[in-house]
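Here is a brisk report on one structure. Keep the coordinates open while reading.

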Amino acid sequence: MKTLPETSAKCELSFTVNGDAQKVFAHPMERLLDVLRNDLKLTGTKEGCGEGECGSCSVLLDGMLVNSCLVPVAQASGANIVTIEGMSAHALMAPLQEAFLECGGAQCGICTPGMILAAVHLLEKKPEPAIADIREGLAGNLCRCTGYMQIFEAVARAARRRVPA
Amino acid sequence: MRADPAEYRLVSPGSLDAVLLLMAGEPAQWLPIAGGTDVMVLYSAGKLPSRKLINIWNIPELQQIEVFPDSIRIGAACTYTALRNHETVSREFPLLVTAASWTGGIANQNRGTLGGNIANASPAADSLPALLVYGAELTLVSVRGERRVDYRNFHTGYKQTVLAADELIRDISLPRRFSGYLSHARKAGARNAQAISKVCLAALGQMANGAIRDVRLAMGSVAPVPLRLAETERLLAGKHIEPSLIATVKKSVPWEISPIDDIRSTARCRAAVAGNLVAEFLEMLASERTNA
């Protein structure tokens, strides 16, 4: 791991975001969420609670679903980061978008980027999830509009479409 | 008040030795941060006591799970996801895996670590009762050397531990001798996912000749520390599980714990639920005997 300077001064950090190499100049304890939104202008990642409860700020960090509000940016040094903006080319994106639309899985939309990333993280590991898997995979993502059932149904429908019976 | 990142330092020495050297140079000055699921919450709220943080995420020596013939050694920075995915841990330590599945959502399980849960020392942590009943031993390291501590003696009071200012938890060792036991983990919380427990139980038990041969019970959220129910265990050893024994346990458990009123529950409710959870386990253990 790269050794960072022992000061609270800003330092240069490099990582890959949505396939592009990025360099940012940031304080090591800045939240990855803030660097993504403010420095890289990737505002698809939302801030909900800011304390790791709601999942609105979910991103994939080296393939792992994380709450970007709980990641100091220095810990993302050298990492491969995927945000909702980077999902457009993903094979799961079209079936998930269609299913969310059809099932009413998105209303106000604030939780949606996190829901989509949590769903992708789940479906990449379990292409044919049981409803219990979907509930567990999305348990860290809160939604104040839908009551969740539409979202669970959307993820189940996207999985069925992707894996024909 | 939100924290200003310019006021905080975060260094990444990269190896365990370098981390320990830095901590030894200025004891109690440096706060280790692994997955950040506890530290970053306090930081963001402006409540972090330390301004100097030391990065222990991605240090390979702290992330290994090693399986030996008689024990398993879990690196302190192993995540809950790593525990859930590990074959031997899943097969032989189901209480730990169940507790890992209770701890936050998937995103927090991908970052939260077992060592972090121990060092954070919350009496409400779900994985800590499991470590108590499995007879965990911790290896604490500093530049002065290493020492092994029985996990039962690690917590000394509310959020107080025996960890010295220059020490880190390096690993958690569990003896591999509980596969023949009935294991039972139960959590009472407001909802299944992402809720801190009102009361949680980790229990192991084994019957012989119709009587309790061995029983190990620990609870969270019922005392200033994660608590092993030593008195109730003594009371149960060698006994046949009869309705009168269960009635006695429902009295002994509330006597042995020291629950409080807080935002999640009341002392009275916790005492009743704690007794009921142990009673439920004994009923399971009794039916195990008739099935065997």
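Start with helix α3 of chain A, which is mostly covered: 12 of its 14 residues are buried. This is a predicted model. The buried stretch holds A:T112, A:P113, A:G114, A:M115, A:I116, A:L117, A:A118, A:A119, A:V120, A:H121, A:L122 and A:L123. What covers these residues? The cover on α3(A) includes β3, β4, α2 (93–103), α4 (131–137) and α5 (149–162) of chain A. It also includes α6 (106–109) of chain B.

The length of α3(A) can be checked. Its 14 residues, at 1.5 Å a residue, should span 20 Å, and the end C-alpha atoms are 20 Å apart, so the two values agree.

**Between the chains**

The model scores ipTM 0.94 and pTM 0.94. Chain B averages a pLDDT of 94, and 97% of the residues score at least 70.

How many residues of each chain are in contact? Chain A brings 32 residues and chain B brings 29. On the side of chain A, β4 (64–67) and α3 (112–125) each supply at least two residues. The largest share comes from β4(A), with four residues. By class, this side of chain A has 14 nonpolar, 13 polar and five charged residues.

**Domains**

Chain A is assigned domain 1 (11–85) and domain 2 (93–162). Their C-alpha centres lie 22 Å apart. The contact takes 13 residues from domain 1 of chain A and 11 residues from domain 2 of chain A. Which element gives the largest share of the domain 1 side? Strand β3 (residues 58–61) of chain A does, with three residues. That side of domain 1 of chain A has six nonpolar, six polar and one charged residues.

Chain B is divided into domain 1 (5–55), domain 2 (60–175) and domain 3 (184–291). The C-alpha centres of domain 1 of chain B and domain 3 of chain B lie 37 Å apart.

**A residue on strand β2 of chain A**

A:A21 sits in strand β2 (residues 20–26) of chain A. Is A:A21 buried or exposed? It counts as exposed, because it has 8 C-beta neighbours inside 10 Å; the cut-off for exposed is 12 or fewer. Leaving aside neighbours within four places in sequence, A:A21 is in contact with A:S14 and A:T16. A:A21 and A:N80 are 59 residues apart in sequence, yet their C-alpha atoms are 9.0 Å apart in space.

**Strands of chain B**

| Strand pair | Bridges |
|---|---|
| β4(B) (65–67) and β5(B) (71–75), antiparallel | three bridges |
| β5(B) and β10(B) (168–175), antiparallel | five bridges |
| β11(B) (182–188) and β12(B), antiparallel | seven bridges |
| β12(B) and β13(B) (211–220), antiparallel | nine bridges |

Take β5(B) and its partners. A hairpin joins β4(B) to β5(B) through three residues. B:V67 stands opposite B:I72 in β5(B). In β10(B), the bridge partner of B:I72 is B:L174.

Now take strand β12 (residues 199–208) of chain B. Eight of its 10 residues are buried, so to say it is mostly covered. B:H184 stands opposite B:A203 in β12(B). B:A202 stands opposite B:A218 in β13(B). β12(B) and β13(B) form a hairpin with two residues between them. In that turn, B:N209 has a positive phi of about 50 degrees.

**A covered helix of chain B**

Helix α5 (residues 94–102) of chain B is also mostly covered, with eight of its nine residues buried. The buried residues are B:L95, B:L96, B:V97, B:T98, B:A99, B:A100, B:S101 and B:W102. What do they pack against? The partners are α3 (80–85), α4 (87–92), α6, α8 (127–133), β11 and β12 of chain B. After α5(B) comes B:G104, whose phi is positive, near 65 degrees.

Key: Residues numbered from 1 in each chain as written. Chains lettered and ligands numbered in written order. Predicted model: local features only at pLDDT ≥ 70, side-chain atom pairs only at ≥ 80, totals over all residues. Domains from an automatic or database assignment. Contact = placed C-beta atoms within 7 Å. Nonpolar A, V, L, I, M, F, W, Y, C, P; charged D, E, K, R; others polar. pLDDT = per-residue confidence, 0-100. Expected span 1.5 Å × (residues − 1). Buried ≥ 20, exposed ≤ 12 C-beta atoms within 10 Å, placed from the backbone. Pairing = 2+ DSSP bridges.
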